[in-house]
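Colleague: I would like to learn how to read aromatic ring pairs and helices in a model. Please take me through one.

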Amino acid sequence: MNSSQPPARSPRPSASGQPPARSPQEAPPSRRTEPPHGEVAARGSAVLRAVEVMEALRAADGDAWSHQQTHASLARYLLEETYEVLEVIDDPQAHGPGALRDELGDLLFQILFHARVGQEADPAWDVDDVARSFIAKMERRNPHIFGDRRDEALEDPEDVEQIIAQWHAVKAAERRAEGAGDAPAAAAWFDGIPERLPVLQTAAKVVHRTRSDGRLEELLAAADEAAAAPDAQQWGGATARAMLDLAVRAESEDIDPESALRTLLARTRSAVVTAGDSAPSEDGPQVPHGEPSDGTLSSQDGRTA
């Protein structure tokens, strides 16, 4: 397969559920990762090679572990790799100079894997469909860059607040076109936020929406009412209300409170570990039973790096 061209969409799997077999005439994907001497590879050419690598792993004569995976079975690895990327971002000094690049490569593997599994769905979709979805959304929500009348899209192209407002306006129009714009305005503050998003990040997102809507005080009043409920002491209502105030402050300073606290804890851990390494110890570190000595939680083995 020519590494300068994306691989063709694979046929659907056989009735047995196995990935389609490679035809006798079809050679295994090229292992070349560098351009011939004197040539400069086009940016993105290595991504095409990564698609070929994923194709080879999932092929009928490829990797047995890869054959068994589904979107559901891969979900835990997607989450794990995402957190490993965040770990490097939060405390880059605790990792090598190429750590972020490597961790993003592991995350890319997960995206390519899900796209490859999608080729066996009905209807089938692949990595090009994923890319097309990304391209269409970026072009649609950034008319000041991609629009036919880009010079007229914004009063001031350097005003970030206008760019953000434009993004949300286009997104709202998309929701109305999908018939999702009929809910009460206040309910829309929470719409589309993933249930598993960390709660501080969720709070900041809701605060941003209500502030943009000119109704932040309405949100805070509703929070005051919830925090004054008869059972509030049982679930920490007063503390939760104070944390919401911190989210309001963070959002006003364009700070993600979740990322800020996570970064603080990561760097505090590095400082404590460094201090502990330099201090004499008679007994050595105490490792809780059932946890590995590096402090990470033990988990089932799989294709994470």
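Modeller: Start with tyrosine 77, which counts as buried because its relative accessibility is 2%. Buried means under 20% relative accessible area, exposed over 50%, and partly exposed in between, with a 1.4 Å probe and protein chains only. This is a predicted model, in which local features need pLDDT of at least 70 and side-chain atom pairs count only at pLDDT 80 or more, while totals for chains, interfaces and linings use all residues. Residues are numbered from 1 along each chain as its sequence is written, and side-chain values use heavy atoms, with hydrogens and water left out.

Colleague: How is a pair of aromatic rings described?

Modeller: By the distance of the centres and the angle of the planes. Rings of Phe, Tyr and Trp (its six-membered ring) pair if their centres lie within 6.5 Å; planes under 30 degrees apart count as stacked, over 60 as edge-to-face and the rest as tilted. The structure holds 3 aromatic pairs. In one of them, tryptophan 65 and tyrosine 77 have ring centres 5.9 Å apart and planes at 55 degrees, so the pair is tilted. This pair links distant parts of the chain, with tryptophan 65 in helix 2 and tyrosine 77 in helix 3, 12 residues apart. Helices here are DSSP runs (H or I, at least four residues), and strands are runs of E of at least two, numbered from the N terminus.

Colleague: What are the centre distance and plane angle for phenylalanine 109 and phenylalanine 113?

Modeller: The centres are 5.4 Å apart and the planes stand at 45 degrees, so this pair is tilted. The two residues are 4 apart in helix 4, and therefore separated by about one helical turn. Phenylalanine 109 is partly exposed at 22% relative accessible area, whereas phenylalanine 113 is buried at 0%. Ring pairs link Trp65, Tyr77, Phe109 and Phe113 into a cluster.

Colleague: Which helices do the buried residues of helix 4 pack against?

Modeller: Contact means heavy atoms within 4.5 Å. The buried residues of helix 4 include Leu107, Leu112 and Phe113, and the buried set packs against helix 1 (45-58), helix 2 (64-68), helix 3 (71-90) and helix 5 (127-141).

Colleague: How many helices and strands does the protein have?

Modeller: There are 13 helices and 0 strands. Buried residues make up 24% of its 305 residues.
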